[in-house]
Structures are given as C-alpha cells and as structure tokens.
Amino acid sequence: MAETVTIVVNDREYQVAAGANLVDAARSIGDLIPVFCYHPKMDPVGMCRMCLVEMGSIQRDRGSGEVMLDEDGKPQVRWFPTLQTACTTNVYEGLVIRTDTQEVDLARENVLEFLLTSHPLDCPICDKGGECPLQNLTMEHGPGKTRMVFGDKLNLDKHVPLGELVFLDEERCIQCARCVRFQDEIVGDDVLAFHERGRSLQIITNSEPGFDSYFSGNTTDICPVGALTTADFRFGARPWELTDVASIDPWDAAGSNISLSTRLDRDADGRAIVKRVLPRQNEYVNEIWISDKARFGHHFSRSADRLAWPTTGESRATWAEALEDAAGRLREAGEDLAIIAGSGLSNEDLYALQQLAQGLGSSRLGAWPPTHGGADLIAQVGVGQGSNLGALGSGDVVLVIAADLEEEVPLWRLRIKQAGDRGALLLVANSRGTRLDDFAGRQLRYPTGDAAHFLANLQKEDEEIHGRLRDANNLVIVAGAEGLDLAGSRALMQAAARILVETGHVGRPNNGLLSPLPGPNGMGLHYLGFTPENTIGIMAEPPKTLLVAQADLLADDPSAPAWLVEVDNIIELALFQDSLGDRAQVVLPIQSFAERDGSFTSGERRVQRLYRAQGPVGEALPAWQVVARIAEVLGQGRAKASAAAMMLEMSQQVPAFEGCGYRELAWTEKQDPPVGEDLWYGGTALLNRGGLGVQIPAEADRSRVKVAAPALPSRQKVDKGHLLIVPVTRLYNRERAFRATDIVWPRVPAPFALLNPDDAQRLGVDADDTIEIEVADGPAVQVLARHDDSVPAGSLALPRHLTTTAMPLTLSTGRVSKVTVAADARVSET
C-alpha cells in the first residue's frame, strides 16, 4: 500500500500520498487550487503565481518529537510570512494550508487582473473559447471589472508563424512557459525560448526551420489560453460545435490514442468531416501526447484523389457488377490465388481476407511491406502484459538497435527518452547516427548490415554491455530492420529474443521485445497469418490471380513491375487510384480509418478500437465488407452485418483475439494524472471514453519459452565501384496518403542521400551535388548528396518515399555517380 501523510487543508485533516505535489494532492481531496503554468507532466516552476496559498507546518518539540500544542490544545502552526506557490511544494507530514482566505482570494484576483491587462477579451472568436482555463478561472476568481486604461493596452502581433504548423497570437500569451518547457523537458527539442522582458516578453523559435520538432502540435494542447493554434484548425470551428470520436493513429506501431473532432461542414456539402485531431489520454500507450504526423496526417481521408466508385477494366461499374467480376476471377483462380495486405488494414479486414483465401483453398497470405521479420517472436517474447514504457526508470535498460525511432515511431522515441530522464540506461546501436543518440547513455556502432551478428556475439565481444543487459531490473529491446534484408531482420529479432530469454527478461511487465513494424497493424497481420516471408514467396512465384489490399506495390518496390507482369488477374482494394490500379482488372474503393469501425493491434500487441467519425467518400466501403460480399457471391456464407460481428467471430475463432470483443476493447479506468477529466490543468487532451484496449498475452506471459539460435545470414557482397544502399525512413515524405497534408509540404525535403565524406571525396561529390544511384532491380534515381560522417564508409543512406520513383525495400548494393555540380542541380520533388 502506498505511503500516506496527514495534511491539514482549511482546518480539516486528510490522508494523501506522501511526496505528492500539493496541487495534485489538493485536487485528490476535492480542493481545486487554480493553476496556469503547472502541469503534472512537467517540472513545476511557480511562474504564474495563480496557485498561491497560505502555508505552514505543525510544530514539533525538537527533543521529544511530540506535536506542540497551543493554549487551546490545538497543534501549533508556524506560518510562512507570505503566500507560497502550491505547485512547487511536495506534501509532507504536518503540512498545513489555507486556500479559502481573503488574502488568497485577493492574490488570485490580482494575478488575473495583471494577465488581462493586455489580453484580448474576444472569447467568442478565440479558438480556445469554450475550453479555456483562463476563461474559466476568470469567471471564478477574476475581478468584475478592469482598472486598466485602454490606451495603455499593449498591442502585439496576432498571427506569428513559429513554423508552418503552429501559430502564435502574442497578445493572448500569458508567459506560462508550458510550450518552452514541454519542448525542452519532454521532447528534448529545445526549439522555443523567451525573448525580451517585462510586458514585451514573448515566445520565439530558435531553430531553422522554425519550430523544428515532430511534436510541435502538443504545445497547442497544453497551452492554457488561445495563444498557440494549429495551421489546419485555426478559426476553423468553435469547440462547442464539435463531436469527438475515438480513433487510433493510422501511421505507426505505437497505437497512439487520438480523438477526431468532427462537425457538419458546408465545405463538405453538409456532411461530417474531421476538423482536428487531439490526443486521447492512455497512460499505457501515448500518455497525452501524439506526433505531428498523427495530428496533421488525417487529410487523406477526404482527399479529392480518393477512389469513389468501383471500376472493372477501364470503366466505372456498379458494386454488383464489380463484385461479380472479382468473384468470377477468384473462382477461376481457385487455389492459384495470393493475397498481399498492407498494414493499414484493420484486424477485421485481415480476418475477412483470411477467410476468403481459406474458402478458395489458398494459404498464400503476404504482409506488405516485406521488410521486418520476426513478428512471431514479438508474439512469443514481446513486452509482458501490463507493460508501460512510462514506468521504466533507474536500474532499467532499453536497447534500441537497427532503428531510427524518431522517424519510424516517434512516440516510442519520446517515451524512451523520458525513461532515460528517469534514470534508465539507454543503449543505441546502429551503423549510423540517429536522433536517439542525443539521449543515449551509450552509443554502439557496427558495420552496415551486421546488426544481427553484432547482437548475437555481444556476450563474446562486449561483456560489459552484455552484463548491463543481464543485470537490469527491467530490459526492453527494440529491434528494427534498418540496414538489413528480411533474413537479417529475422536473425536480429532472434538474437534479441534469445538475450531476453537467457537473462530472464520475459513474461513480466516492462520486459521484452518490440519492433517498429511498418503501419498501425503489423501485429494484426501476424496474428491473422500474413507474413513478409509469404510475400517474398509470392514475388518469386507469382500466382494466376493476385488480390492486393491497401498496399502500394509499385510505389514501394522497384522490382514489382518485373514479377507483376506474370500475374493474369489483379484485384485491388485501395484508397487511391494508383499505378497498380492502372494494371488491375478490378479496382474496389475502400474506406479510410476515419470512415469506418474497426481495430488495430499495436506493436505492444494492444488491440484497440477505432470508431466511425465521418461519412464515406463516394461509394467506398470498409475493406472487410468488400471482401465479405465477394465471399458471399462465391457461396462462402452470408456477409456479416457489422465490424462488431466480424470481431465477435474473430474472438471465437482466432485464439490471440480471445476476449477482444468490442465491449472488452471499450473498457476504461481512471487515468493518473487526471488530465483529460476537465480543463483544470489546462489543455485539450481528452478523457478516454473510447476504450484503453486489450493487450494480447505473449507466450512468455503464460509459460516458459525457448528461442532458437539466430540463423545469421551471410554478409552482403559488394562489387568493386559499388556501395551498400541502406533504405531509411523519413517521417515526413511523399507517400500517396501523406501528400494530401499540404501544410507539411515545406518540411518534406528534396530527395537526398547521406554519403560518408571519404566516399564523397572519392566520387568527387560535393554537398548538394546531384548524384545518380543505380540498383540492380529498379530504375536509377537522382537525388541530392549530403555528407554525413556517421554513415560508414562504403555505405549510402537513402530515404525512401521522397520521390515517386520506388527505392529499394531493403539493404542492397548499387553504383553511385555524380551528375551535376550543386549550382546546376535539378531534382524533382513531385
């Protein structure tokens, strides 16, 4: 049981958690001390002075330790001579405070009067109006009228771009420093600062480009006033007009809980559309933070380029015609069918596809993209049930290897960085430098492509590091696939799993294996039988008929054209008309994450619900429904009526999803700190009413497990004059879905590659020269050269999806040559 202490609040005794912040402790007993600068996720600074209280301590005899009593037999209290800030005080035995005296009331009134001297009083048109702590606290504690002479009002800039995504209204800012502190303390991107003094004090950005952070939008959430607004929501709607719908970040493996704020909109012919995205509090997953890609990357759901109706051949068709055509081709193919499914599909979609294939006698189910192996090992020794990266701290170790979490799963980067702040040892191993190096306790390097060999031989090669892993209180290993092919990725996962098992760090919370699997449902693909190894087999032996669901094969894989020509029939389920659709015989439009019910399984094996927030685009249907209706035409049984019915059957038929019905996924519990319950702490992170999800147990949670020794692949051979080409990830890129978020375009760089300076000198390539990269299985691509001495000699790091030309999926070799000097470089960014 947690230790408690006795404090006295307004002459009444209470038991509260020992060492708790006084603001939080008072809130827990129903006394709401007003705050602006204080936030339970950040260190207290006592800047705004709104939390002033009368404070004292019960006196004890220094000799006996007994409580000293006054003449009335009551404990003597030694009071501070002046009011004290509650937010900078941790409770202790004998603490006494008063929050309801005339002096305290006057202090609060004075603080608010000063804040409002130049603050615009235009709440009805402010983006924060209706969900503004300043508005609420002014009504409760503020003066009834101002003594300020209107001519003395300070007029400041109203529309200051801190970057492309966040704007500052300098008149509304109350200098609480929450945004500055968030970027420094929580994120580690110290890109905001105060400038000037006194009433002229303002927030500025000190980075180039401005506000250079993947988490900038969170500052608009924690801002207690309307000073910070986002580019895509600024003056777009009033908060009281919005309906908030629970959903899940559709971009990566973190499974961040989000809320889609929707409104009937005239620009959408009176239909409900998503106006903004906010974090939804889930302390197990994303706390109250989301990445900017999760916040701003929803615009593809209503893109004008979305598929709106089915097509057969080159003609628009009715659903009945398209389903009959697709069913006929599948019936003719029979067992000679393969399905490739993207990781953006829901669990319900994948189950429908699995059942369709089984009904036709096929087991060729491929996962896209085929880059990350070892999902079965996450199912075996993944982080234990009840794990929370937010609980890692002193005595714990996190090893991140062959991954760039800043670009792949930024929320994991944020939480792992915070674990390091709490005292955990962060080890970062890669062949090149990444952003996470800035927070690492130790950086480890290995030759390009050697991640699996490095980890498998760690005990032999570096006993000290292996000992730190072995002796850790808790150990989490995050193993990626950067610089590896599929076999190398699986070998790395095996090596990581073996260390975890041998050191006893499996089968309990906050211990186990993670991997930045692409997309939001990489583990769902695994549990429903879709594997990257099957995809490689499909590519090697193409089927008669190929069904592709939400996977952009031609944009992702330069070798795809060569093997797709051997496929007789292509049936595509897609969000957009793409180059694969131009080859397909049947193209069927499906709904985005915002238009349908469903669920994703995160990289931590947490199954979480997403709810329908807006109407469909055109005639698009949920993918599971499209597949189920095809199956019905084929005589495989009547299509289910809803996604809930699909999940109910899954929970009965697929062992991993036992206990994952929609009712179970919707369970919630009180979150601590209670940031989402109301606006008291300020900010707009929302209370989680949509469900915290259910974490699928790992095998190690239920029984002892064994992991085979890694099957180490042979090292890649490099011909003379060639370099190792290492595909890497950029969070902001030109993938088809992300292109619709045009406000982020300025942050998407021109196509580039990172070269070691020695290789650049040998090739005669200066920084910003244009180089051409030729690989065996695809077209040559021209990009700008950047020098990076953290890239090993003989290697080139090539970000994918910065051009419309497909880049290699995994580690390969290629020839690099200079095209022009920097002054004449011309690189397409389309």
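Axes here are lines fitted to C-alpha atoms, for helices over the stretch in contact, and angles run from 0 to 180 degrees between N-to-C directions. This is a predicted model, in which local features need pLDDT of at least 70, side-chain atom pairs count only at pLDDT 80 or more, and totals for chains, interfaces and linings use all residues. Residues are numbered from 1 along each chain as its sequence is written, and side-chain values use heavy atoms, with hydrogens and water left out.

**Helix H8 against helix H22**

- Helix H8 (residues 347–359) packs on helix H22 (residues 643–653) at about 65°, and their axes are 10 Å apart. Helices (H or I, at least four residues) and strands (E, at least two) are DSSP runs, numbered from the N terminus.
- H8 is therefore roughly perpendicular to H22. The classes are: under 35 degrees roughly parallel, over 145 roughly antiparallel, 65 to 115 roughly perpendicular, and the rest oblique.
- H8 and H22 cross in a left-handed sense. Left-handed means that the near helix is turned anticlockwise from the far one by less than a right angle; clockwise is right-handed.
- H8 contributes Asn-347, Glu-348, Tyr-351 and Ala-352 to the contact, while H22 contributes Ala-643, Met-646, Met-647, Glu-649, Met-650 and Gln-653. Contact means heavy atoms within 4.5 Å.
- The contact of H8 with H22 holds six nonpolar, two polar and two charged residues. Ala, Val, Leu, Ile, Met, Phe, Trp, Tyr, Cys and Pro count as nonpolar, Asp, Glu, Lys and Arg as charged, and the others, Gly among them, as polar.

**Helix H7 against helix H21**

- The axes of helix H7 (residues 319–333) and helix H21 (residues 623–633) come within 9 Å, crossing at roughly 65°. The two helices are therefore roughly perpendicular.
- The crossing of H7 and H21 is right-handed.
- From H7, the contact uses Trp-319, Leu-323, Glu-324, Ala-326, Ala-327, Leu-330 and Arg-331; from H21, Val-626, Arg-629, Ile-630 and Val-633.
- By class, the contact of H7 with H21 has eight nonpolar, no polar and three charged residues.

**Helix H2 against helix H3**

- H2 and H3 cross at roughly 130°, with axes that come within 10 Å. H2 is thus oblique to H3.
- Their crossing is left-handed.
- Arg-108, Glu-109, Leu-112 and Leu-115 of H2 meet Leu-134, Leu-137, Thr-138 and His-141 of H3.

**Salt bridges**

- The whole structure has 45 salt bridges. Each is a side-chain nitrogen of Lys or Arg within 4 Å of a carboxyl oxygen of Asp or Glu.
- Arg-172 bridges to Asp-122 at 2.8 Å, N to O. The pair is 50 residues apart: Arg-172 is in the loop between strand S8 (166–168) and helix H4 (178–187), and Asp-122 is in the loop between helix H2 (102–115) and helix H3 (133–141).
- Arg-172 is buried, at 5% relative accessible area. Buried means under 20%, exposed over 50%, and partly exposed in between (1.4 Å probe, protein chains only).
- Arg-172 and Asp-122 also belong to a salt-bridge network with Lys-153, Lys-158, Asp-169 and Glu-171.
- Arg-276 pairs with Glu-131 in a salt bridge of 3.0 Å, N to O. Arg-276 lies in strand S14 (residues 271–279) and Glu-131 in the loop between H2 and H3, so the bridge ties parts 145 residues apart in sequence.
- Arg-276 and Glu-131 are both buried.
- Arg-490 forms a salt bridge with Asp-376, with the closest N and O atoms 2.7 Å apart. Arg-490 is in helix H15 (residues 486–502) and Asp-376 in helix H9 (residues 375–381), 114 residues apart.
- Arg-490 is partly exposed at 25% relative accessibility, and Asp-376 is partly exposed at 28%.
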